[in-house]
Amino acid sequence: MFPFLLAIAALAAPAPPGEQPVDPYTQSDANAGATPFEGQSMWRAFRRQPGVDRVIDGLVDRLIVDPRVADIFRGQDIVRLRRTLKEQFCYILGGGCRYTGRDMQEGHHNLGIQTKDFNVLVGDLQLAMNRERVSIFAQNRLLAKLAPMKRSVVER
Amino acid sequence: MPSSRSKRMFLALSCALIVAAPAHAGEEMRAGGKLLLTNGISTVDGAAGGGLASWALIAGNETVDGIGGSVHATYVPLSDYSLSSAGAAIGIRDRLELSYAHQRFDTQKTGVALGLGRGFIFSQDIIGAKLRIAGDAVTDQDSAMPQIAVGVQYHIAARDAVIHAIGGAHDTGTDFYVSATKVLLAQSLVLGATVRLTKANQFGLLGFGGDADDHYSPQFEGSAGLLVTRRLLLGGEYRSKPNNLTFAKEDDALDAFAAYALTPNLTATAAYVDLGDIATVRNQRGALLSIQASF
């Protein structure tokens with residue numbers, strides 16, 4: 001019953017500015033695909049929201065021009081992608097955000113993502129985190145949370 | 001002949017490995033795509049590992065959607081000898097690894113003292129196969145499950161006359177091993193353990209089995225490394241070895257290494273190695289320098 005009402009709410013809510021409408025789905029922090037870190041140390045290591053915003057913008061800027069994966073992002077709603085990724089990282093890093101995106105399986109459905117694509121994203125994320133001067137140990141702690149998502153993201 | 005049974009086992013396992021490689025029908029084959037350093041560092045035996053110790057990782061830059069490979073050259077200058085290894089490996093779908101290495105052990109000036117002559121060379125060829133049977137060293141960060149592989153290596157040593165003169169029983173030998181490797185991303189650690197059933201004397205350069213013992217014994221290989229950057233792994237390895245020959249005791253091998261991924265296709269490794277006493281000559285320590293190109 002409760003998820004149903006949420007789904008209705010998602011349906012009723014207009015798409016945020018600059019984003020295209022999406023099919024209704026049930027919103028939940030569980031859709032982020034990982035549990036948040038305890039405490040504030042990871043959130044601080046990423047320099048809170050401004051740092052996370054720079055990391056995600058740096059990541060997306062790289063991905064959409066990376067010849068190995070750019071085709072996957074062509075025709076996708078990049079405005080929505082940036083917003084939901086920032087929410088997801090904020091949520092996982094302990095920044096206290098709500099994650100409003102779809103779950104990892106649904107969000108990547110029919111994109112035909114292969115292991116190489118997932119690993120290219122990891123590599124581009126590492127470059128974006130290096131740019132933000134996030135320590136390697138904080139980077140790898142985050143990657144430990146993201147790595148199991150490969151099972152939901154990679155379809156073939 | 002001890003080797004005929006070994007050869008049959010090797011062939012049978014190789015066939016099983018090829019059949020076991022899954023067919024992903026209709027999927028796009030792609031080159032490369034493995035994360036940096038997760039193709040390992042070629043061991044002197046030719047298998048993907050950490051230089052001395054074997055890992056469960058599969059050689060080459062390929063993912064489950066491709067075929068990759070690597071070539072390596074390794075030079076190990078020691079106090080009184082030098083060891084070199086060159087080889088190649090193919091990785092199929094990040095599942096099956098086929099490898100070849102040629103090892104050359106130069107006795108240099110010490111050859112005279114050993115009665116073999118200056119610059120006497122021991123050598124061997126090693127053909128290997130490794131199959132990943134479970135786990136994914138990187139993906140499974142939410143469980144303790146490591147990546148597990150089983151492998152077999154068939155060694156053919158040259159210098160059978162000398163091998164038999166020093167008490168060696170065979171000039172060919174087959175090793176069987178099971179290897180577990182885990183990347184602990186939350187700790188930036190890479191851990192590995194291998195149990196190898198072997199009769200090899202000094203990796204097989206001095207033959208297999210001997211006058212003291214001609215049975216397979218389980219030997220242990222352990223490795224631990226810290227990811228200091230995404231390109232640089234600092235670590236150490238330990239590899240135990242059997243003691244099959246009466247003329248000289250054989251020591252375990254140790255190293256401390258730095259492996260650096262210069263590019264996704266090129267990894268350079270420098271290590272300090274201690275191979276202990278070799279053929280009665282004490283305290284063989286030195287460097288291990290290795291370059292590996294992979295695709």
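Colleague: Which helices do the buried residues of H7(A) pack against?
Modeller: This is a predicted model. In H7(A), the buried residues include Phe118(A), Val120(A), Leu121(A), Leu125(A) and Met129(A). The buried residues of H7(A) pack against chain A helices H3, H4 (70-73), H8 and H9 (150-153).

Colleague: What distance separates the end C-alpha atoms of H7(A)?
Modeller: H7(A) covers residues 115-131, which is 17 residues. At 1.5 Å a residue, H7(A) should span 24 Å. The model agrees, so the end C-alpha atoms are apart by 24 Å.

Colleague: Which residue just after H7(A) takes a positive phi?
Modeller: H7(A) ends at residue 131. Just after H7(A), a positive phi of about 60° belongs to Arg133(A).

Colleague: How do H3(A) and H5(A) pack: parallel, antiparallel, perpendicular or oblique?
Modeller: H3(A) spans residues 48-63 and H5(A) spans residues 78-92. Their axes lie 9 Å apart, at an angle of about 135°. Over 145 degrees would count as roughly antiparallel, and 65 to 115 as roughly perpendicular. The angle therefore makes H3(A) to H5(A) oblique.

Colleague: Is the crossing of H3(A) and H5(A) left-handed or right-handed?
Modeller: From H3(A), the contact takes residues including Val52(A), Ile56(A) and Val60(A). H5(A) contributes Leu81(A), Leu85(A) and Phe89(A), among others. By class, the contact has 8 nonpolar, 1 polar and 4 charged residues. The crossing of the two helices is right-handed.

Colleague: What covers the buried residues of H5(A)?
Modeller: The buried residues of H5(A) include Thr84(A), Leu85(A), Phe89(A) and Ile92(A). Leu85(A) and Phe89(A) also take part in the contact with H3(A). The cover of these buried residues includes two chain A helices, H3 and H8 (136-146).

Colleague: Which residue takes a positive phi just after H5(A)?
Modeller: H5(A) has 15 residues and reaches 21 Å, close to the 21 Å expected. Just after H5(A), a phi of about 90° is taken by Gly94(A).

Colleague: Is Val112(B) buried, exposed or partly exposed?
Modeller: Val112(B) lies in H2(B), residues 110-113. Beyond four places in sequence, Val112(B) touches Gly117(B) and Arg118(B). Buried needs 20 or more other C-beta atoms within 10 Å, and exposed means 12 or fewer. Val112(B) has 13, so Val112(B) is partly exposed.

Colleague: How many residues does chain A give to the contact with chain B?
Modeller: Chain B gives 22 residues to the contact. That side of chain B has 7 nonpolar, 8 polar and 7 charged residues. From chain A, the number of residues is 18.

Conventions: Residues numbered from 1 in each chain as written. Chains lettered and ligands numbered in written order. Predicted model: local features only at pLDDT ≥ 70, side-chain atom pairs only at ≥ 80, totals over all residues. Contact = placed C-beta atoms within 7 Å. Nonpolar A, V, L, I, M, F, W, Y, C, P; charged D, E, K, R; others polar. Axes fitted to C-alpha atoms, helices over the stretch in contact; angles between N-to-C directions. Helix = DSSP H or I, 4+ residues; strand = E, 2+ residues; numbered from the N terminus. Parallel < 35°, antiparallel > 145°, perpendicular 65-115°, else oblique. Left-handed = near helix turned anticlockwise from the far one by under 90°. Expected span 1.5 Å × (residues − 1).
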